[in-house]
Amino acid sequence: MTAELVIEAEGLVKHFGSTKALQGVDLAVPRGTVLGVLGPNGAGKTTAVRILSTLLTPDAGHARISGFDVVRDAERVRQVIGLTGQYASVDEDLTGRQNLELFGTLLDLGRAGARRRAAELLEWFDLTDAAGRQAKTYSGGMRRRLDLAASLVGSPDVIFLDEPTTGLDPAKREDMWDVVRSLVTAGSTVLLTTQYLEEADALADEITVIDHGRVIAHDTPEGLKRVVGGQTLSVRPADPAQLPLTAAILAEVSAGAEADEIRKGMLAVPVADDTAMTEAVARLAAAGVAVTELALHLPSLDEVFFTLTGRTASDDDTTTTTTTTIKEEVAA
Amino acid sequence: MTTTLSTPRTSHPVMPAAVTPNPRPFRLLRHSLALAKRSLIKTARTPEALIDVTLQPVLFLIIFVYVFGGAVAGSTHDYLQFLLPGILAQTIATGCIAIGVNLNTDLAKGIFDRFRSLPVPRSAPLLGAVLGDIVRYVIVTLSTLAIGYVMGFRITTDPLSAVAGCALAVLFALCLSWLPVYVSMKVRTPGAVQGLMFALIMPLSFASNVFVGTSTLPGWMQGFVDVNPLTHLVGAVRGLFLGSPLGNHVWWTLAWCAGFVVVFMPLALRAYRKKV
């Protein structure tokens, strides 16, 4: 358990006027792993990433990237990190290629090296055809890919991805996930912020949940799912008359719970793992139940937050008392 | 279904091998030039952003020469000879405002976060922006001279002096631009940069020798006119273009250039570093 920590933060505090963006956040990411930082808008995720990537100085606490302090050795830190912000940080007036070549030059790859690197990354991110167009003409998905390509120009060891898939459609999101997996396979360490438990579950080795500038949970995806409840299987039989039969089948494959009719004609049941879905499909087919909808969901961020804090992610600070008690239960 | 099938990536899915940066000397210069090139590309892509340095001197020359020329100098040609160096200086000074407006707009975008997250000297993005604007100042100088020639303006000295006059004007602009760069770091909106800079440049260009000989001005104003950097720039350019007495105008202009850089460059860089 003494793996080398590439990203270490202890007690990070940052206030903007009266806004307490961070109130003592600890983060730890071992080499070659992905940390998912999960939290709603305004939880402090972006502030944490900006401190770790040397864009902001913390009011208190300290952080090291590959052993370099983000304040005292900021210049060294910048040599090993890549940052992909929540909003595309490329120059919209430049073409995709000009952007990547500019960053290559700024990263001392040399003129030919910068050109070669730009061509490789454009190819990898499927942007070669659009390379000569101004970035402002790109679609949302293309812009995200260019932004991510821009942060990989210098082959950074440590990559910060601030909500890399917010606003992307599901297929584009999966593409982005593939890229992140390739980066980790190649040895990079990734810190990824997200509002989706599904995304953190798909990519992260460990998940830190933050809310109102504090860490409220830190666990593996499995551990977190054990706390907040695992997946839900929902089924809509084609014939409403078969709802009772469907409910009976779902109860058999569930983790010991009764099926609920969550919407009219739609049944849902908590399940322990992915195999429940296959099993449900087989049993439904054997019983002659035709279904129009069948899906496996992870809890939404709201559900995660409700379980961890007793309130939804969008709520204000009105239920602090309840929050504290439940947090203690979770910690216990 | 939320368990979507992953669409295959259309490109070849092979991740490019890692590259190793190879740091070399003169980083600040190389990075500033790379960023100046970025400014140039942006300028080339938005030629309408050059209106202030192309159309403005043309309009000012035509209006002032043909409306006021007869009244001020007795003949439009005499006034054109007198006015052109002044209009050049005035347009150069107002042309500097654009860099402040652009930087203020740019800073609000993610691109400056990107620059700050790269191992690039902190001053490079600002130096690059200032250097990239040289081309704007060259354009203003050439377009002013071109329309002047069409209207009948003639340089009466030698080509070397003419080039020196143009170079002095461009140098002045480069140094003066640190003022709007600094202002752009301190105010919140591009509109505020524009407003504040106009409020500074307008008195400089009118309480000077740009439009009229200073001997007609009231005494209290002459004190200001005599130290006004534009007065010295115009005096120097008039001398170099037309052979009028140079006096200490060139030295004063250079002193002002040094002053702008010494005062506003460190202030701008400090403000940039502090900016979130």
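1. Charge on chain B. Chain B carries 21 positive and 8 negative side chains, and the centres of the two sets are 17 Å apart. Lys and Arg count as positive and Asp and Glu as negative, with His and the chain ends not counted; each charge is placed at NZ of Lys, CZ of Arg, CG of Asp or CD of Glu.

2. Ground rules. This is a predicted model, in which local features need pLDDT of at least 70 and side-chain atom pairs count only at pLDDT 80 or more, while totals for chains, interfaces and linings use all residues. Residues are numbered from 1 along each chain as its sequence is written, chains are lettered from A and ligands numbered from 1 in the order in which they are written, and side-chain values use heavy atoms, with hydrogens and water left out.

3. Overall build of chain B. You will find 13 helices and zero strands here; helices (H or I, at least four residues) and strands (E, at least two) are DSSP runs, numbered from the N terminus. The C-alpha trace spans about 85 × 40 × 35 Å along its principal axes.

4. Surface and packing. The accessible surface of chain B is about 12,500 Å², and 72% of that belongs to carbon and sulfur atoms; areas come from the Shrake-Rupley method with a 1.4 Å probe, and for residues only the protein chains shown count as cover. Of the 276 residues in chain B, 50% are buried, meaning under 20% relative accessible area, against over 50% for exposed and in between for partly exposed. Taking contacts (heavy atoms within 4.5 Å) between residues at least 6 apart in sequence, 78% join residues at least 24 apart.

5. What the record says. An unreviewed UniProt entry lists "transmembrane region" at residues 49-73, 79-103, 124-150, 162-183, 195-212 and 250-269 of chain B.

6. Residues 49-73 of chain B are 92% helix and 0% strand, with end C-alpha atoms 34 Å apart. Residues 48-275 of chain B come out at 80% helix and 0% strand, with ends 30 Å apart.

7. Helix H5 of chain B. Eight of the eight residues in H5(B) are buried. Ser117(B) sits in this helix, which covers residues 110-117, and counts as buried because its relative accessibility is 4%. A polar atom of the Ser117(B) side chain lies 2.9 Å from the backbone oxygen of Arg114(B). Beyond residues up to four places away in sequence, Ser117(B) touches Ser53(A), Leu55(A), Arg78(A), Ile81(A) and Leu83(A).

8. Helix H9 of chain B. Seven of the nine residues in H9 (residues 178-186) are buried, among them Trp178(B), Pro180(B) and Met185(B). Their cover includes helices H4 (97-107), H6 (124-132), H8 (159-176), H10 (190-206) and H13 (249-274) of chain B.

9. A lysine in chain A. Lys45(A) lies in helix H1 (residues 45-52) of chain A and is buried, with a relative accessible area of 4%. Its side chain makes a polar contact with the side chain of Glu163(A) at 3.1 Å. Such a contact is a pair of N or O atoms within 3.5 Å; within protein, one must be able to donate a hydrogen and the other to accept it, and residues adjacent in sequence count only if both atoms are side-chain atoms. Leaving aside neighbours within four places in sequence, the residues in contact with Lys45(A) include Thr193(A), Thr194(A) and Gln195(A).

Key. Buried < 20%, exposed > 50% of the residue type's maximum accessible area, 1.4 Å probe, protein only. UniProt positions renumbered as here; feature names shortened; annotations may be inferred.
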